[in-house]
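Hello,

Here is the structure I promised to pass on. My notes on it follow below.

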Amino acid sequence: MARTSCAPPADGLTTPQLTPPAPTRIAVGTAAFRHANAALFAAGFASFAILYCVQPLLPVFAADFGVSAAESSLALSVSTAALAVSLLVASSLSEALGRKPLMVASLAASAALTLLSAAAPDWTSLLILRVLTGLALGGVPAVAMAYAGEEMHARGMPLSMGLIVGGNALGGMTGRLVAGTIADFAPWQAAMAAIAGIAVVATLLFWRSLPASRHFVRQPLELTGLVRSLLMHRRDLGLVLLFAEAFLLMGSFVTIYNYAAFRLLAPPFELSQALASTISVIYLTGIVSSTWAGALAGRLGRRHLLWIGIAIMLAGLLLTLADDLALFVFGVIATTCGFFAAHSVASGWVGYRARSAKAQAAALYLFLYYLGSSIVGTSGGLFYAHAGWTGVVAFTSTLTFVALLIALRLTRIAPLPP
């Protein structure tokens, strides 16, 4: 109900004046709720389709540009490295520029840069455009979550966050599958142009559907406060270990998918480019395992579920050494399920353990998450060049084993006081 106030007018008479009510949050079941969730899903879908569409194209880049497997992985690694850096400042930029305007600009710029990538005349130009794409994409993930936190009703918050993550997973899979399939019948430039077209449609849907912010309060841009908040988290050993997990687990996971296509195109499998690209469908099992982990965490506890997920991931990595295609695929499935279960637990644990500056803690986790994707993902190519798939598995298994030791150490970290 609107509030009234009695302010004496110029003629001395007292008349009631209406004070506008505070804006309500977007409620479950309303048209605004449906539109907002469709927009947030589209943003996650487009950003990850753009980011990961180059992964199945790495063997094609290696052949067309005459680069090694490790060098070809830079098409993905430079983007994730740029995204990692961009994430640290994007949330602060959105405080000054607004949530929706920054996300629209980020999606439009990344779609345009992807289209330009399809016309890249040489390898260096392509890498420069991928760096710029990563920087542009930094304005989507954290800002979308901030928008949902401000605008959505508490009852609808889990669904909105789930749709953002689901859009990420489905977009990453679709980008890989579409690009890899098209590249089997047409030049890789056509694959990149197709992804750019999908991103343009998703951007228009996002722009038209997302309701304007009603609870956003513009703040001055202050990067010094951001740096102080980021450094504060180094005092908590539990958070530091969780940040290390992000680097090791994502790095190992992306490395497997980076070079899986090389493995499937070579003997003994010798699959076509299109069939090799279907390995990305396994990514969907991550949605199931992350949901399962979230439900199971309440029973087993984060401390135990984290190391269990990592152990499953490690077992899956070792299974991919088999020359039997069914065992290889099963190994990738186990690796994917274990990774997403562990990542779901670790990322949620960061949000719980950070008692202040939670957004900065999440940004640090994501920074190391994507930095691991960049550094480890490219380093894995050196092992592939020297020892083939066996070298890749030896490298990632070692990192995953270290992650398992860290997870076991986390079981002995004292819980925070209530």
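**Salt bridges**

Arg-353 and Asp-236 form a salt bridge through their side chains, at 2.9 Å from N to O. Note that this is a predicted model. Arg-353 counts as buried because its relative accessibility is 9%, under the 20% cut-off. Asp-236 is buried too, at 17%.

How many salt bridges does the structure hold? There are two. The other pairs the side chains of Arg-263 and Asp-323, at 3.5 Å from N to O. This pair also links distant parts of the chain, 60 residues apart. Arg-263 is in helix 11. Asp-323 is in the loop between helix 14 (302-319) and helix 15. Are these two residues buried or exposed? Arg-263 is buried, with a relative accessible area of 9%. Asp-323 is exposed, with a relative accessible area of 54%.

**Helix 2 against helix 11**

Helix 11 (residues 237-265) also packs with helix 2 (residues 58-65). The angle is about 75° and the axes are 8 Å apart. Helix 2 is therefore roughly perpendicular to helix 11; the range for that term is 65 to 115 degrees. Helix 2 contributes Leu-58, Pro-59 and Ala-62 to the contact. From helix 11 come Asn-258, Ala-261, Phe-262 and Leu-265. By type, the contact residues are six nonpolar, one polar and no charged.

Two backbone details are worth a look here. The peptide bond joining Pro-267 and Pro-268 is cis, with omega about 10°. Pro-268 lies in the loop between helix 11 and helix 12 (273-277). Glu-270 lies in the loop between helix 11 and helix 12 as well. Its phi is near 50°, a positive value in a residue other than glycine. Glu-270 counts as exposed because its relative accessibility is 56%, over the 50% cut-off.

**Ser-77**

Ser-77 is part of helix 4 (residues 74-97). It is buried, at a relative accessible area of 1%. Which residues does Ser-77 touch, leaving out those up to four places away in sequence? They are Ser-373, Ser-374, Gly-377 and Thr-378. With Thr-378 there is a polar contact, side chain to side chain, at 2.5 Å.

Best wishes

Terms used:
Residues are numbered from 1 along each chain as its sequence is written. This is a predicted model: local features need pLDDT of at least 70, side-chain atom pairs count only at pLDDT 80 or more; totals for chains, interfaces and linings use all residues. Side-chain values use heavy atoms; hydrogens and water are left out. Axes are lines fitted to C-alpha atoms, for helices over the stretch in contact, and angles run from 0 to 180 degrees between N-to-C directions. Helices (H or I, at least four residues) and strands (E, at least two) are DSSP runs, numbered from the N terminus. Angles under 35 degrees count as roughly parallel, over 145 as roughly antiparallel, 65 to 115 as roughly perpendicular and the rest as oblique. Contact means heavy atoms within 4.5 Å. Ala, Val, Leu, Ile, Met, Phe, Trp, Tyr, Cys and Pro count as nonpolar, Asp, Glu, Lys and Arg as charged, and the others, Gly among them, as polar. Buried means under 20% relative accessible area, exposed over 50%, partly exposed in between (1.4 Å probe, protein chains only). A polar contact is a pair of N or O atoms within 3.5 Å; within protein, one must be able to donate a hydrogen and the other to accept it, and residues adjacent in sequence count only if both atoms are side-chain atoms. A salt bridge is a side-chain nitrogen of Lys or Arg within 4 Å of a carboxyl oxygen of Asp or Glu.
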